[in-house]
Amino acid sequence: MENSTTSRDSSNNTQDTSEHVKTLEGKEAVDKLKELAKGAENCFFCTSIKTGLPLSVRPMSVLDVDDDGNLWFMSHVGSAKNQEIEADPFTHLFFQHHKNSGFLNVYGISEILEDRKKIEELWNPLLKVWFQDGKDDDQISVIKVSPTHVYYWDTKHGEAVAFIKMAASIITGKTMDDSVEGELDF
C-alpha cells in the first residue's frame with residue numbers, strides 16, 4: 001500500500017503532533033483495520049467516484065476483514081452498486097466505530113465474486129433480510145475491497161480515558177489530547 005498524507009487535516013491543537021501520528025504496519029495495521037471496521041455497525045460504501053460529480057453512497061456492513069486486510073461484503077448480483085463497481089472498481093469506505101473515536105478512511109479496489117464457498121463462509125442468519133432464499137440464493141455476490149490507502153483516527157487509551165481527558169481539558173483549559181492517527185500499511 002502506498003503512503004499518503006492527504007487524509008491528515010490541519011488541527012488547531014498546539015501540541016506536538018509527532019506523539020499523535022503513528023503509522024501502523026503489517027499485522028498491527030491489519031489488527032487495527034479489523035478492530036475499527038468490524039466494530040462499526042455500518043460503513044458508507046461509496047462508488048462511482050469521479051471528480052466534480054456526485055458519487056453513489058450507501059450504508060453497508062462489513063462481514064469480514066481477512067488477514068491480508070481485504071474487506072468483504074455481500075450484495076445482490078443485479079444491484080446498481082455491482083453495476084457501478086463493474087464500470088469503475090475504485091471504492092471509498094468510511095467507518096465510525098464510536099461517537100468520538102475509531103474513524104477509518106479506506107480507499108481501495110473492489111472486485112465482485114460469485115464464490116459459493118465464500119458466501120457460505122460469510123453467511124449469517126441476519127442476511128436473510130436481503131436474500132430471501134438464504135445462503136443458497138443465486139442472487140448473492142460477494143464484494144472484496146482490497147485497500148490501497150487507509151488512514152485512521154482513534155484514541156490511545158480508549159473511549160473512557162479520552163472522555164476523562166476531554167473533561168479535564170475543559171476544566172483546566174489545558175490541552176490533554178489522547179488522539180492518535182496515521183496510515184495503516186499492510
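T155 has its bridge partner in β9, namely S179. The model behind this is a predicted one, in which local features need pLDDT of at least 70 and side-chain atom pairs count only at pLDDT 80 or more, while totals for chains, interfaces and linings use all residues. Residues are numbered from 1 along each chain as its sequence is written, and side-chain values use heavy atoms, with hydrogens and water left out.

Strand β9 is a handy place to start. β8 and β9 pair over five bridges, in the antiparallel sense; two strands count as paired if DSSP finds at least two bridges between them. Strand β1 (residues 24-25) is also joined to β9, this time by two bridges and with the strands running parallel. In that pairing, E25 has D185 of β9 as its bridge partner. Six of the seven residues of β9 are buried, so to speak under cover; here buried means under 20% relative accessible area, exposed means over 50%, and partly exposed is in between (1.4 Å probe, protein chains only). L184 and L104 sit 80 residues apart in sequence, yet their C-alpha atoms are 9.8 Å apart in space.

Stepping back to the whole chain, there are four helices and nine strands. Both kinds of element are DSSP runs numbered from the N terminus, with helices being H or I over at least four residues and strands being E over at least two. Read from the N terminus on, the order is β-α-β-β-β-β-α-β-β-α-β-α-β. The chain has 186 residues, and buried ones make up 40% of them. The chain exposes about 10,700 Å², with carbon and sulfur atoms supplying 53% of it; accessible areas come from the Shrake-Rupley method with a 1.4 Å probe, and for residues only the protein chains shown count as cover.

What about the inside? In soluble globular proteins, nonpolar side chains tend to be buried together. A nonpolar core is taken here as a set of buried Ala, Val, Leu, Ile, Met, Phe, Trp, Tyr and Cys residues joined through side-chain atoms within 4.5 Å. The largest such core has 24 residues, and F45, L71, F73, L93, F95 and L104 are those with the most contacts inside it. Two or more residues each come from α1 (26-39), β2, β5, β6 (90-96), β7, β8 and β9 (179-185). Leaving aside residues up to four places away in sequence, L71 touches a list of residues that includes L33, A37, V62, L93, F95, V106, I143 and P147. A second, separate core has ten residues, among them L63, I119, L122 and F131.

Helix α2 (residues 80-87) has K81, N82, E84 and I85 buried. Those buried residues line one face of the helix, because they fall within an arc of 160 degrees when seen down the axis of α2; the arc is that of the directions from the helix axis to the C-beta atoms. Q83, E86 and A87, on the other side of α2, are exposed. The cover over the buried residues of α2 includes β2 (43-47), β3 (56-60), β5 (71-76), β7 (103-113) and β8 (140-155).

Then there are the cysteines. The structure holds zero disulfides, a disulfide being a pair of cysteine sulfur atoms within 2.5 Å. The sulfur of C43 has that of C46 as its closest cysteine sulfur, but at 8.0 Å this is too far for a bond. C43 is buried, with a relative accessible area of 2%, and C46 is buried too, at 4%.

S48, in the loop between β2 and β3, has a positive phi of about 55 degrees although it is not a glycine. S48 counts as buried, at 16% relative accessibility. F90, in strand β6, is partly exposed at 37% relative accessibility. Not counting residues up to four places away in sequence, F90 touches C46, T47, I49, Y107, G108 and I109. F90 and I49 are 41 residues apart in sequence, and 7.0 Å apart in space from C-alpha to C-alpha.

Technical notes. Contact = heavy atoms within 4.5 Å.
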